[in-house]
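Here is a short briefing for a reader new to this structure. It covers the core, the salt bridges and a charged patch.

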Amino acid sequence: MESQASLPPIAQPQNDVLPENNGEINRPTRGPTRGIEAQGLIDKQGKLPVPIPQLFRAPVGKHAAQLASRIGVEVRTHVIDVGVPRWKAVDESVKAPILQRIMDKFDLQGDPIDVEKAVATQCGRRLSNHNFVLHKKYKKLKETRGEEYARNNPPAGVNPEQWTSLVTKKWTVPKWLERSEKNTSNRSWSKTKHRCGSKSLPVRVAAAMHDNGGVVPAVTEMYKDTHFNKDTQKWISSESEVLYDKMVQIETEHNAQEGAIPITQEELSVKGLKAKSGYVKGLGIRPSSSIRTVNREYVTHLEGKVQEQAEKIQEQAEGIEAANNKIEEQGKTLASVMAFLKQQGFTG
């Protein structure tokens, strides 16, 4: 098939190149996806429909994973200069054919602007993921064979031009290394990583809405679904369990109030997981006008707390200043008394 001709070779396990490190055995791993399953479906069904609703501005539906897989193949195969800082920096002569090939295989349904942004986001993520995988290989080669060997000997199945681009434009550049260390440090603080896998959060939420008559599912249910392992009956982390219990408590206390309007799932997300610009945590949807109102109320609340704290600090400062003035006044009085006594001949 013509489409198979451009597929990249499967990366071979590096066990014959890299020795065991720190007692850990290098096990064979699956190579990068080649999009064979998606291509098989396309051959049978034609262009695969992938909705990109305005609510998510992201691919949803049963073929969203195939779209992500195909985009990954396109990026790894046709973007040679992967050392660019981001997807926007990729030359248009490279991006345009990639987009056209994707459009030829998938029926991307939605507003053209949303579709364009969603595809660009997916391309950027696939490019970032590809660079991350190659960087891991580079670091492993550098640790076991030395930097010079790592620079000049890309692993099996890795495009040499892409490897060189990354080495010269990123992995050996001090500014990039500094930013990489900061990003690694920032990610280490994250204690609530999800377990969505290839089925993204928007895909899960969209499917739940489809089964529930278009109603947004409970954020607590979606959060537990992506942070709780049903096989082991354990949470991914203790922090995830704490956040889940917090949301359950907030919802229970709010709805228990007399005459209270049931809390919306978007509002519960803001109060339980904190607000994030342009994205509702735990649901993967774009904020509605109501959630923007909640965000403004939340910001106003925080501003009030800051103002209250500032007033307390000012009051304390004024108290300290008054006390200092009193001490200074007492000191002057004492000095005057001592001077008077000295004039009277007191020498005690």
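The largest nonpolar core has 31 residues. A nonpolar core here is a set of buried Ala, Val, Leu, Ile, Met, Phe, Trp, Tyr and Cys residues joined through side-chain atoms within 4.5 Å. This is a predicted model, in which local features need pLDDT of at least 70, side-chain atom pairs count only at pLDDT 80 or more, and totals for chains, interfaces and linings use all residues. Residues are numbered from 1 along each chain as its sequence is written, and side-chain values use heavy atoms, with hydrogens and water left out.

**Core**

- The residues with the most contacts inside this core are Val79, Trp87, Phe106, Leu108, Leu127, Trp163 and Trp171.
- Two or more core residues come from each of strand 1 (48–51), helix 3 (64–78), helix 4 (92–105), strand 2 (106–109), helix 5 (112–145) and helix 7 (160–171).
- Helix 5 gives the largest share of this core, 8 residues.
- Helices (H or I, at least four residues) and strands (E, at least two) are DSSP runs, numbered from the N terminus.
- In soluble globular proteins, nonpolar side chains tend to be buried together.

**Salt bridges**

- The whole structure holds 9 salt bridges, each a side-chain nitrogen of Lys or Arg within 4 Å of a carboxyl oxygen of Asp or Glu.
- Glu92 pairs with Lys95, with the closest N and O atoms 3.8 Å apart. Both lie in helix 4, 3 residues apart.
- Glu92 counts as exposed because its relative accessibility is 52%. Lys95, at 15%, counts as buried. The cut-offs are under 20% relative accessible area for buried, over 50% for exposed and partly exposed in between (1.4 Å probe, protein chains only).
- Glu178 bridges to Lys182 at 3.6 Å between the closest N and O atoms. The two are 4 residues apart in helix 8 (residues 174–188), so about one helical turn separates them.
- Lys332 bridges to Glu328, the closest N and O atoms being 3.9 Å apart. This pair lies in helix 13, 4 residues apart. Lys332 is exposed at 54%, while Glu328 is partly exposed at 46%.

**Charged patch**

- Glu311, Glu315, Glu318 and Glu321 form a negative surface patch. Patch residues have over 30% relative accessible area and no salt bridge, and like charges are joined within 9 Å.
- Glu321 is in helix 13 (residues 289–343).

Technical notes:
Patches are made of residues with over 30% relative accessible area and no salt bridge: like charges are joined within 9 Å, nonpolar side chains (Val, Leu, Ile, Met, Phe, Trp, Tyr) within 5 Å. Accessible areas come from the Shrake-Rupley method with a 1.4 Å probe; for residues, only the protein chains shown count as cover. Lys and Arg count as positive and Asp and Glu as negative; His and the chain ends are not counted. The place of a charge is taken as NZ of Lys, CZ of Arg, CG of Asp or CD of Glu.
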